Amino acid sequence: MFKAWFVDFEPFGGVMPDDWIECILDSMCSLIIKGITPKYNEHSAQLVINQKCVRNHQIDLSLARCHEPKKVNEKWLQYGDIVVNSTGTGTLGRAAQVLFTPNNMTVDSHVTIIRASKQEYIYYLGLWATSHEHDFEMLQTGSTGQTDLPRERLKQMQIVLPSDSILSSFSKVIKPIADIRIQKQQENQRLSALRDTLLPKLMNGEIDVSAVQV
């Protein structure tokens, strides 16, 4: 649907509507910034997302780490934020969107936060970002193993800005789909955690299932 509406312009006769404009990413965002340098503490309730967490357009919180509590600031994640891996060959450019309500959560300095400046932009920017991972990768600087995605280059990326009415209509269609996707992802993560807890106990006989009738 994103490609049909905003790349091929199918609902609009195959051409970009006259009231849409081309702009830079920064003009649609209230924040484009790299994360914090964490001080890890496994007893803390605050999570920091790292590059391992961002894969296949999803955020795997099971790979996040706890860190020392810090003062809440603009780098604390909000619903709709986009996270982009910003260092390292092979991981740089991976993008995902926060489509759940994050609690005491931020990203480390190897990940960039992109935050929409308007509610209508959230789902559009999220799908734009996940479809432009290769373009993010092409913006890298540095040598092999020491590559970096500069924030200023990211800010200057070209993007089409549709009308608010079209973005509002698009969001109404996408939000229920996004909600279901996150529910399924969280369910899969819970089931994976349960499997990883139970399987060793089943293998070593700590849990006896011989009396269970199938």
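# A tour of the predicted model

Start by selecting Phe-9, which sits in the loop between α1 (2–6) and β1 (21–24). The model on screen is a predicted one. The backbone of Phe-9 has a phi near 55°, a positive value in a residue other than glycine. Most residues other than glycine have a negative phi. Is Phe-9 buried or exposed? Its relative accessibility is 14%, so Phe-9 counts as buried, the cut-off being under 20%.

Next, select Asn-56, in the loop between β4 (54–55) and β5. Asn-56 is not a glycine, and its phi is positive, near 55°. Asn-56 counts as exposed because its relative accessibility is 62%, and exposed means over 50%.

The largest nonpolar core contains 55 residues. To find the residues with the most contacts inside this core, select Phe-6, Leu-25, Tyr-124, Leu-125 and Phe-136. Keep Leu-125 selected and display what surrounds it. Neighbours within four places in sequence aside, Leu-125 is in contact with Leu-25, Met-28, Cys-29, Ile-82, Ala-116 and Ile-159. Leu-25, one of these partners, is also among the residues with the most contacts inside the core.

Which element gives the largest share? That is α5, with 6 residues. By residue type, the lining of the pocket divides into 10 nonpolar, 6 polar and 1 charged.

The last stop is Thr-141, in the loop between α3 (133–138) and α4 (151–155). With a relative accessibility of 26%, Thr-141 counts as partly exposed. Show the residues around Thr-141: leaving aside neighbours within four places in sequence, its contacts are Gln-146, Thr-147, Asp-148, Pro-150 and Arg-153. Thr-141 and Asn-188 are 47 residues apart along the chain, and their C-alpha atoms are separated by 36 Å.

Terms used: Residues are numbered from 1 along each chain as its sequence is written. This is a predicted model: local features need pLDDT of at least 70, side-chain atom pairs count only at pLDDT 80 or more; totals for chains, interfaces and linings use all residues. Side-chain values use heavy atoms; hydrogens and water are left out. Helices (H or I, at least four residues) and strands (E, at least two) are DSSP runs, numbered from the N terminus. Ala, Val, Leu, Ile, Met, Phe, Trp, Tyr, Cys and Pro count as nonpolar, Asp, Glu, Lys and Arg as charged, and the others, Gly among them, as polar. A nonpolar core is a set of buried Ala, Val, Leu, Ile, Met, Phe, Trp, Tyr and Cys residues joined through side-chain atoms within 4.5 Å. Buried means under 20% relative accessible area, exposed over 50%, partly exposed in between (1.4 Å probe, protein chains only). Contact means heavy atoms within 4.5 Å.
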